[in-house]
Amino acid sequence: MKTAREAALEAICRVHETRSYANLILSRLLAESDLSKRDRALVTELVYGTLRNEGTLDWILSRFYPQKPSKIPEKALDILRLGCYQILYLDKIPNHAVCNEAVELAKKYFHPAMGGFVNAILRRIIREKERLPWPDYQDDPIGYISFKHSHPRWIVEMWVEDFGLEETALLCQANNVRPRMVIRVNTFKISPSNLARRFESEGLKISPSWLPEALIVEDMGNVTELTEFKEGLFLLQDESSILVGHIVDPKPGEVILDTCAAPGGKTTHLAQLMGNEGRIIAVDIHQSRLRLVKDNCSRLGIKNVQIIQGDSTRLGEVVEKPVDKVLVDAPCSGLGVLARRPDARWRKTPQQIDELSILQSRLLDSASKFVKRKGVLVYSVCTISKKESEQVMKGFLKKHPEFSLEDISSFLPPPLRAEMPLKFIQLLPHRHGTDGLFVCRFKKEG
């Protein structure tokens with residue numbers, strides 16, 4: 001039987017070996033394990049915490065051994081990262097327990113000498129952790145933010161150019177905090193207040209959201225095992241994503257085209273706002289992910305969604321007539337959800353941002369042909385990159401004079417209206433407590 005730390009090590013190693021996302025690997029590993037609820041929570045904390053802070057941990061470890069990381073077996077490096085994370089970030093685990101278990105793991109997977117090596121490194125970190133020689137902020141502010149808050153240097157450089165040093169430091173800090181769990185209540189089946197009471201009777205702590213159909217829930221555990229989830233009473237969805245549906249503002253009886261629909265969170269919200277009346281054409285290029293749209297519609301009782309597999313850069317192949325409103329929730333770099341996907345920051349590249357911004361422009365060009373006169377086109381991306389958001393928006397307006405940028409302030413909850421001097425909105429985790437997300441709304445002229 002594996003201990004919590006050994007299970008965490010296995011998950012971290014799998015992430016590095018397979019380049020699969022941590023949440024997918026962790027959920028499978030926990031489903032197969034016989035760990036207690038408390039140990040499952042510890043495994044989750046260790047995996048996400050270690051991966052999230054990997055840049056900082058590697059920089060610290062490099063201060064304490066002379067070899068390059070490539071000279072150390074990857075699994076031994078993961079044992080060191082795991083130990084270093086516990087020493088620096090977790091207060092309730094005694095340092096001697098961290099060292100002892102790391103040494104035992106090193107001896108189990110390698111040999112006694114590796115156990116001695118791991119022991120020596122971790123004990124030096126314990127002795128010197130209060131005197132770590134961080135880069136000097138005045139001499140190298142980008143290096144300081146990058147190492148101190150564990151973000152790739154190129155991302156920090158990009159955000160400093162977009163937002164300045166102070167905002168970037170706050171943004172990076174926010175990305176290292178476990179995000180809130182927000183659910184969207186399925187008002188077809190239950191009211192938010194009744195669902196909140198039901199959860200509270202089960203011991204869960206509920207807080208209100210600034211959106212009427214959303215609730216903030218603490219320590220929900222494995223959502224899919226809850227009776228309320230199986231009954232289709234709610235869907236996991238961040239407030240930023242829920243906001244997109246309100247900005248589309250679908251009305252009962254309208255025809256809405258959702259061009260990148262999978263897995264269906266926004267699609268089902270649009271249906272909910274329409275009261276199941278009218279029609280939503282949900283298009284996605286990935287057949288396997290469209291099954292998620294179908295499953296979500298079935299579980300939530302959504303009946304007005306037509307699911308179509310197709311390439312949304314060539315919508316003419318799958319859609320015939322112009323519609324009232326189109327949503328392009330485009331593929332993006334996902335830099336707005338780094339807090340939820342702690343390992344994702346290490347997979348991104350500047351080239352991806354260039355490529356994705358081109359794809360987003362192509363999706364908007366394609367979608368624009370299917371908007372009725374006086375109709376609406378909404379563009380959203382869950383990222384924090386002006387190249388993918390503002391520059392794409394400006395490029396679209398320049399290329400399509402038949403569209404104008406529409407003021408979206410009336411669709412926003414009061415706390416966000418002050419953010420609207422430029423008509424569009426960029427949500428930021430450190431300012432708004434949500435995922436990072438950009439949304440704008442174009443109106444097609446007559």
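A cavity, as I use the word here, is a set of grid points where a 1.4 Å probe fits but cannot get out. I am working from a predicted model, and by this rule I count one cavity of 30 Å³ or more.

**Entry 1, the cavity.** I looked up the volume of the largest cavity and found about 30 Å³. Which residues line the largest cavity? I listed Arg5, Ile79, Leu82, Gly83, Gln86, Val98, Glu101, Ala102 and Leu105. Two elements, α5 (74-89) and α6 (95-109), each give two or more residues to this lining. Sorted by class, the lining has five nonpolar, two polar and two charged residues.

I next followed α5 to its contact with helix α7 (residues 112-128), where the two pack at an angle of about 25° with their axes 10 Å apart. Angles under 35 degrees count as roughly parallel, and α5 and α7 are therefore roughly parallel to each other. I noted that their crossing is right-handed. From α5, the residues Ala76, Ile79, Leu80, Gly83, Cys84, Ile87 and Leu88 meet Met114, Phe117, Val118, Ile121, Leu122, Ile125 and Ile126 of α7. How do the residues of this contact divide by class? I have 13 nonpolar, one polar and no charged. Going back to the cavity list, I see Ile79 and Gly83 of α5 in that lining as well as in the contact with α7.

Helix α1 (residues 4-18) and α3 pack at an angle of about 40°, and I read their axes as 9 Å apart. That angle makes α1 oblique to α3, and the crossing is right-handed. On the α1 side I listed Ala4, Arg5, Ala7, Ala8, Ala11, Ile12, Val15 and His16, and on the α3 side Asp39, Leu42, Val43, Leu46, Val47, Thr50 and Leu51. The contact of α1 with α3 divides into eleven nonpolar, two polar and two charged residues. Arg5, which belongs to this contact, is also one of the residues lining the largest cavity.

I then turned to the second largest pocket, which has a volume of about 320 Å³. Its lining is made up of Arg38, Asp39, Ala41, Leu42, Glu45, Tyr89, Leu90, Asp91, Lys92, Ile93 and Arg178. Which helix gives the largest share of that lining? Helix α3 (residues 37-52) does, with five residues. By class I found five nonpolar, no polar and six charged residues in the lining.

Ser241, Ile242, Val244, Gly245, His246 and Val248 of α13 meet Lys266, His269, Leu270 and Leu273 of α14. By class this contact has five nonpolar, four polar and one charged residues.

Most residues other than glycine have a negative phi, and most peptide bonds are trans, so I checked for departures from both. The peptide bond from Ala262 to Pro263 is cis, with omega near 5°. Where does Pro263 lie? I placed Pro263 in the loop between β5 (255-258) and α14. Arg19 has a phi near 60°, a positive value in a residue other than glycine, and I found Arg19 in the loop between α1 and α2 (22-32).

Technical notes:
Residues numbered from 1 in each chain as written. Predicted model: local features only at pLDDT ≥ 70, side-chain atom pairs only at ≥ 80, totals over all residues. Heavy atoms only, no water. 1 Å grid on protein atoms, 1.4 Å probe; cavity = no way out; pocket = protein on both sides within 12 Å on 5 of 7 lines; lining within 4 Å. Points joined across faces, edges and corners; volume = space filled by probe spheres on them. Helix = DSSP H or I, 4+ residues; strand = E, 2+ residues; numbered from the N terminus. Nonpolar A, V, L, I, M, F, W, Y, C, P; charged D, E, K, R; others polar. Contact = heavy atoms within 4.5 Å. Axes fitted to C-alpha atoms, helices over the stretch in contact; angles between N-to-C directions. Parallel < 35°, antiparallel > 145°, perpendicular 65-115°, else oblique. Left-handed = near helix turned anticlockwise from the far one by under 90°.
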